[in-house]
Amino acid sequence: MKNYLVHTCLIAFVFVSCKNIKQEKDDKGMETVTSSLEPFSSDEKKLVVTTIKDAYNSTEFVVKYNNYIEFFNTYDDKVRKSYANYLSWVNQKETSGTTNLKSKIGLPLEELNILKSTIVHSPAIKKVDANMLLVYKTAEILYNTILEVDAYYKKGIVESVDVNKTKKLHIKLLEAYRNYFSTFDDMSIVFYRLQDDVEKYKKEKYKEQELVVQYNLFTAINATEAILNEIGGRDVDGLLTLDFTVINQKIKELRAAYVALEGLKENQDLIVKEFGKPMPVVTNFTNHLGNILMGLTSLKLRIANNDFDYGKDHPNIAADGSPLKLELEFIAMVNEYRSIN
């Protein structure tokens, strides 16, 4: 399940960051979102590509794809934290005289504005765009509902709070959160299919062009991501039921990529050919990759021995063989990859 990694480091593996959509910041902080999106009418007719695959290497697709991933990386986490903060606030019965509810559960408007612009950006990605539009609409309802609830409780400073009104707003806000979560989850399934297609496309291109270093770097990232998706949010007892069918296959891919990259990291001629300049492009990357392979061996031993005593320093210092340690190594490896592209 990819939901686990989405909230940590789902990044644009394929492309260098190249955002060029400019947005004015919301200085007022209380602006209400108004929707006026019609993304599938005139824009679709202007497309010159015959299939979305034809557009994978275009600047326009890169901008759109990266903006979607940036939204994926950041916004859903913020909504989930907002939801948790609201439930905590309600449980503490802070239902009157509150002046800072928005500071506890407020959401950024700028990211919604960028998503709105991105949806209508060419090229059209029909299923993804349609699902992103639903996410945008439920997110704007949630944003406006938060403003409404915040304004109501601010009035409570000088006016008495109406119990019936409080209940209605509570139900309305919970419904707004749940509708957003539902549409985001539906969109995630469609977006993962696009991500998989892009990854396969890029691997094929690296192979066709005989870009050996880039092919193995990319393979290592994809295989590690697949492993962590299988592990998901499991820990302790949940790991005992982990199915290693996919994981073992991906470990083979990881080892093959590791061996290849270890043999290539001193080949500066090849590195210059692929990246345009000599540099220590692989060393740090393969160090993290090696740590991931060792971590997976440690994880298997922990599962075999039912040993999940991570020690008193975990999670501040991630223990060997823990899913957290694997995740942190993966993030570090991804950062190395991004630094060379």
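This is a predicted model: local features need pLDDT of at least 70, side-chain atom pairs count only at pLDDT 80 or more; totals for chains, interfaces and linings use all residues.
**Figure 1**
Let's start by stepping back. Following the sequence from one end to the other gives the pattern α-α-α-α-α-α-α-α-α-α-α-α-α. The protein has 341 residues, and buried residues make up 45% of them. Of the contacts with a separation of 6 or more, 81% link residues 24 or more positions apart. The protein exposes about 17500 Å², with 51% of that supplied by carbon and sulfur atoms.

**Figure 2. The buried residues of helix α5 and what covers them.**
Helix α5 spans residues 109–119. Which of its residues are buried? They are Leu 109, Glu 111, Leu 112, Leu 115, Lys 116, Thr 118 and Ile 119. The cover over these residues includes α3 (59–91) and α6 (126–155).

**Figure 3. Asn 216, a buried residue of helix α8.**
Look for Asn 216 in α8, the helix that runs over residues 212–231. Is Asn 216 buried or exposed? Its relative accessibility is 10%, so Asn 216 counts as buried, the cut-off being under 20%. Leaving aside neighbours within four places in sequence, Asn 216 is in contact with Ala 256, Ala 257, Ala 260, Leu 261 and Leu 264.

**Figure 4. Helix α8 meeting helix α13.**
The axes of the two helices come within 11 Å and cross at roughly 155°. Because angles over 145 degrees count as roughly antiparallel, α8 is roughly antiparallel to α13. The crossing of α8 and α13 is left-handed. On the α8 side, the contact is made by Leu 217, Phe 218, Ala 220, Ile 221, Thr 224, Glu 225, Leu 228 and Ile 231. From α13 come Pro 323, Leu 326, Glu 327, Phe 330, Met 333 and Tyr 337. Sorted by class, the contact has 11 nonpolar, 1 polar and 2 charged residues.

**Figure 5. Gly 321, a buried residue in the loop between α12 and α13.**
The loop that holds Gly 321 lies between α12 (283–305) and α13 (323–339). With a relative accessible area of 1%, Gly 321 is buried. What is Gly 321 in contact with, leaving aside its neighbours within four places in sequence? The residues are Gly 295, Ser 298, Leu 299, Arg 302 and Tyr 310.

Technical notes. Residues are numbered from 1 along each chain as its sequence is written. Side-chain values use heavy atoms; hydrogens and water are left out. Buried means under 20% relative accessible area, exposed over 50%, partly exposed in between (1.4 Å probe, protein chains only). Helices (H or I, at least four residues) and strands (E, at least two) are DSSP runs, numbered from the N terminus. Contact means heavy atoms within 4.5 Å. Accessible areas come from the Shrake-Rupley method with a 1.4 Å probe; for residues, only the protein chains shown count as cover. Axes are lines fitted to C-alpha atoms, for helices over the stretch in contact, and angles run from 0 to 180 degrees between N-to-C directions. Angles under 35 degrees count as roughly parallel, over 145 as roughly antiparallel, 65 to 115 as roughly perpendicular and the rest as oblique. A crossing is left-handed if the near helix is turned anticlockwise from the far one by less than a right angle, and right-handed if clockwise. Ala, Val, Leu, Ile, Met, Phe, Trp, Tyr, Cys and Pro count as nonpolar, Asp, Glu, Lys and Arg as charged, and the others, Gly among them, as polar.
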